[in-house]
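Biologist: I am new to this one, and I would like to learn how to read it. Could you walk me through it with me asking as we go?

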Amino acid sequence: MNPTDPAAIFDCYRRLRETRPLVQNIANFVSMTISANVLLAAGASPAMVHAAEEAEDFSAIASSLSINIGTLSPDWVRSMKIAAECYGRRGKPWLLDPVGVGATRLRDRTAAELIALRPTAIRANAGEILALAGQIGATKGVDSTAGSNAAVGAAIRLAQSAGAIVAVTGETDYVTDGQKLVAIEGGHPLMPLSTALGCGLSSLCAAFLAVAEPMEALVSGLTVYAAAGKIAGSGLKGPGHLPAELCDALYNLREAEIAANARVRAMPVEEVA
Amino acid sequence: MNPTDPAAIFDCYRRLRETRPLVQNIANFVSMTISANVLLAAGASPAMVHAAEEAEDFSAIASSLSINIGTLSPDWVRSMKIAAECYGRRGKPWLLDPVGVGATRLRDRTAAELIALRPTAIRANAGEILALAGQIGATKGVDSTAGSNAAVGAAIRLAQSAGAIVAVTGETDYVTDGQKLVAIEGGHPLMPLSTALGCGLSSLCAAFLAVAEPMEALVSGLTVYAAAGKIAGSGLKGPGHLPAELCDALYNLREAEIAANARVRAMPVEEVA
Amino acid sequence: MNPTDPAAIFDCYRRLRETRPLVQNIANFVSMTISANVLLAAGASPAMVHAAEEAEDFSAIASSLSINIGTLSPDWVRSMKIAAECYGRRGKPWLLDPVGVGATRLRDRTAAELIALRPTAIRANAGEILALAGQIGATKGVDSTAGSNAAVGAAIRLAQSAGAIVAVTGETDYVTDGQKLVAIEGGHPLMPLSTALGCGLSSLCAAFLAVAEPMEALVSGLTVYAAAGKIAGSGLKGPGHLPAELCDALYNLREAEIAANARVRAMPVEEVA
C-alpha cells in the first residue's frame, strides 16, 4: 500500500477506532490531560502510568507506549528507562518525545539514554531534532526557533543512526525512516500557541503504532492531526478553545476531510540529505 | 428523609453551596485541574494537597478527603495512607477512587491497603469494582469493559465487607451500603470520552460527604452529576467542550433540572445480590 | 514614565510580545497547563522545568522564573530553593506565589525560606499575605476568606521587610514596593470559580519581570490580566469556558481595551499603612 494515500491513512484511523488500543503514557505534567483527551477523542484508550513498579505489569496489557520527557526528574527518568526496556523486551512499539532536549544536560543525557534503548519512533520539533544531531543552540526552552525544513537532514541521519522512524514537526511535518521521506502539510498557525499539542500528537502517534507498521503509523498519525488541527483552528479568534476543538475534530473526522485539510507527499531523500 | 427524592437531593446540594466545604484531594496528575474546577463550580472549596508532611495539618482544617490512585508512585501511596489515617482518627469522611485497580499489582496492593483503612465511600467503574471483588480481567487500563449492571452484586458484597458506601458508575450508576441499593440514570454518552470526569465525580462526592450522611451524600453527588452531565452533553458535537459545559451546568443547576435530567430509584437488593 | 498610564502598560505588553521572553515555571500540578497557556497567549515562551538537576542550566537561558508552592513535596521545595538561588546569583528576576501559606507548617516554612532568598516579587491573595504577616486564620485552604483591602497594610510591611514588590489580588488588586501603592480594578466575579487563574497571573507577572522594572512589571501584568479577565468573563454563563476565553482575550488585547476594562490609580500609602 501507499502510505501517502488519504484512503490508506483513513483505513489506518478506522483500524485505530475499531481496535481501541490501550496506550501507556509516561507524559509530562503539562500534557497529561491533553494527551488523554486526544487519545479518547481519536478512539484509543489512554493510561497515564509512570511508576517503575508498574512498568512490567502494564507493558503486558498495553499495546504501545509514549515517553515524553517534558517535565523531568531523576525518578521519572528511571521509570522511563525501565518502561522502555519492558516494551522492547516484549517487541511492543514505543515512541519518544524528547521535549526540550538541548536546553539542559539532564535532558540531553536522558534523551541519549532512551534513544540507546531503541525507540520505534521519535517525534520532535526542529530545534530538538537539531539538538539530538549535536547542533546546539537551536532550542529556546521547549519551543523551536528553527523551521522544520532546517532539520530534515538531521532527522534522516537520526533515523539512520537510531534505527527509528523520525518525525520532525512544524509548519510542514516530515517523517523518515532514513531512506524514505514523507512531507505533510496542514495544521493551523494557532497550534503552537496552545500548550502541549505536540505532546498530544506524540501520544496519538503511539496509538497508531499499535495498529500499523511504524512508517505508516507516523504518517497516518501526523496527517490525521494535521487535518483535524486545520479544521479545529478555522473560525477561532484565539488559541483558547483550540484543544477542545481539536478533540471534536478528531472525534468527527471523516475520510473526505483528510484530503481536504492535509497534503501528504513522498519526497526524494536526495533532495535534502 | 427519602434520599431518592429530587427535592431532598437538591437540599443537599444547596447545603453544599451554602457551607462551601473545604475538600482535600490527593488527586492524580490527569484529574487535578478537572476535579478542582468541578468542586469550584459546584460551590465547594478544593485543595490539592498531597505531601505526607501536610496530612496532619490539613486534616485539621478540611471537611473531607478524596483519594484517587490514578497516577501512583510509592511516595504518593505513603501520603495517601497517612492522610487516610488522619481523617479516620478525626472521624472525618474520606472517599477512595481506586482508578485502574486490576491493571497492576501496585494498584491492587494500594487499593487493598487503603480499603483496610476504612474509607467512608468507594466510587469506581464496573471493571474496578469487579477487580476489587477478585474478579480479574474486567479492566482495560483505566477504562471499564464491563457494564455497571454486571458489578452490582460485587458492589453490594464490597460494601458489606469494607463497611463503606460503594458507588459503581457507568451507563446506570448504583449506590449501596450493602443493604439498600439505589440506581441513578442520567449523564451523557460523551462523558467516557473526556478524561477524568469520573475523578471529578469522586471529588464532588467527597464534598457531599461533608454535608450529608454517606448514603445520602453519594446518591446526591451522583444524581447532581448525572443531571449536570446530561445538560452539558446535549448540543455538543464532540467531547472537547464537555468539561467546561459540565462546570457550567453544575454552577447553574436548578432544582427542577434534577428530576428532568436524572432518574433516581430505590431497588430491592434481593433482585441483584 | 507613569506606570499607571494605560499607554505605558500597553507599551510594556508590546515589549513582552516582541521579545517573547523564556519564562521558567516551577508551577503546581493544577496550574501547569493553565500557566503555560496564559504565557503562550500573552506572547511569552513558557517552560515547566522543576528538576533541581536542571536549575543551573535553565537559569542560564531563561529570562525569569515563577515559583508556585501550590502542590508541595520536600523534593520540590529543594528544587525551588536551588532555582531561586540560581536566578538570584545571575541577577535575574523571580516571583513567588505562596499558595496556601497559613494552611500547613510545610507551606509556612517553605514560604519563609523562599522569601529569605529575596524574590523580586510576591503575588498572593489576601489570606496568604495576612498569613505571611503572621496573622493566622485568614486562609481557608487555598482560597482567601479575607478581602484584598484588609491585607494592604500587611502587603506594605511585607514589601518593606522582604525588599520585594508585593501584589495582593482580589476584587481590587494592590501593588506596592513599600513606599508607593497602586490599586487596580477589573477582572470578573467568575474568576475565583475557575481554578489556578491566580497561578496563571503569577506566571504572567514573571514574564513581565523580564521586560520591565519590577514595580512597573507587576502593575502591567495585573492590569493586562484584569482587563483580559473582564473581557473574558462577560457573556459567559458560568466559569467553564473562562480559561479559554481569558487566553483569547490576552491574545487579542488591544491598547484601547486596557483603559476600557481596568482602572489603575496611585494611592497615598499613608491612607492604609
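Modeller: We will look at an interface, some salt bridges and a pair of strands.

Modeller: First, a word on the ground rules: this is a predicted model, where local features need pLDDT of at least 70, side-chain atom pairs count only at pLDDT 80 or more, and totals for chains, interfaces and linings use all residues. Residues are numbered from 1 along each chain as its sequence is written, chains are lettered from A and ligands numbered from 1 in the order in which they are written, and side-chain values use heavy atoms, with hydrogens and water left out.

Biologist: How many residues of chain A are in contact with chain C, and what area do the two chains bury between them?

Modeller: The size of an interface is often given as the accessible area lost when the parts come together. Here that buried area (accessible area, 1.4 Å probe, lost on putting two parts together and summed over both) is about 2,500 Å² for chain A and chain C, with 57% of it on carbon and sulfur atoms. In contact (heavy atoms within 4.5 Å) are 27 residues of chain A and 29 residues of chain C.

Biologist: How many salt bridges cross the interface of chain A and chain C?

Modeller: Side chains of opposite charge can pair when their charged atoms come close. The rule (a side-chain nitrogen of Lys or Arg within 4 Å of a carboxyl oxygen of Asp or Glu) finds four across this interface. One joins C:Asp57 and A:Arg105, at 2.6 Å from N to O. On the accessibility scale (buried under 20% relative accessible area, exposed over 50%, partly exposed in between, with a 1.4 Å probe and protein chains only), C:Asp57 counts as buried at 14%, whereas A:Arg105 counts as exposed at 53%.

Biologist: Which residue forms a salt bridge with A:Asp11?

Modeller: That is A:Arg14, with the closest N and O atoms 2.6 Å apart. Helices are DSSP runs of H or I with at least four residues, strands are E runs of at least two, and both are numbered from the N terminus.

Biologist: Which residues of strand E4 of chain B lie on each side?

Modeller: In a regular strand the side chains alternate between the two faces of the sheet. In strand E4 (residues 94–97), B:Trp94 and B:Leu96 are on one side, B:Leu95 and B:Asp97 on the other, and all are buried. Strand E3 (residues 64–68) of chain B pairs with E4 in the parallel sense over four bridges; pairing requires at least two bridges found by DSSP.
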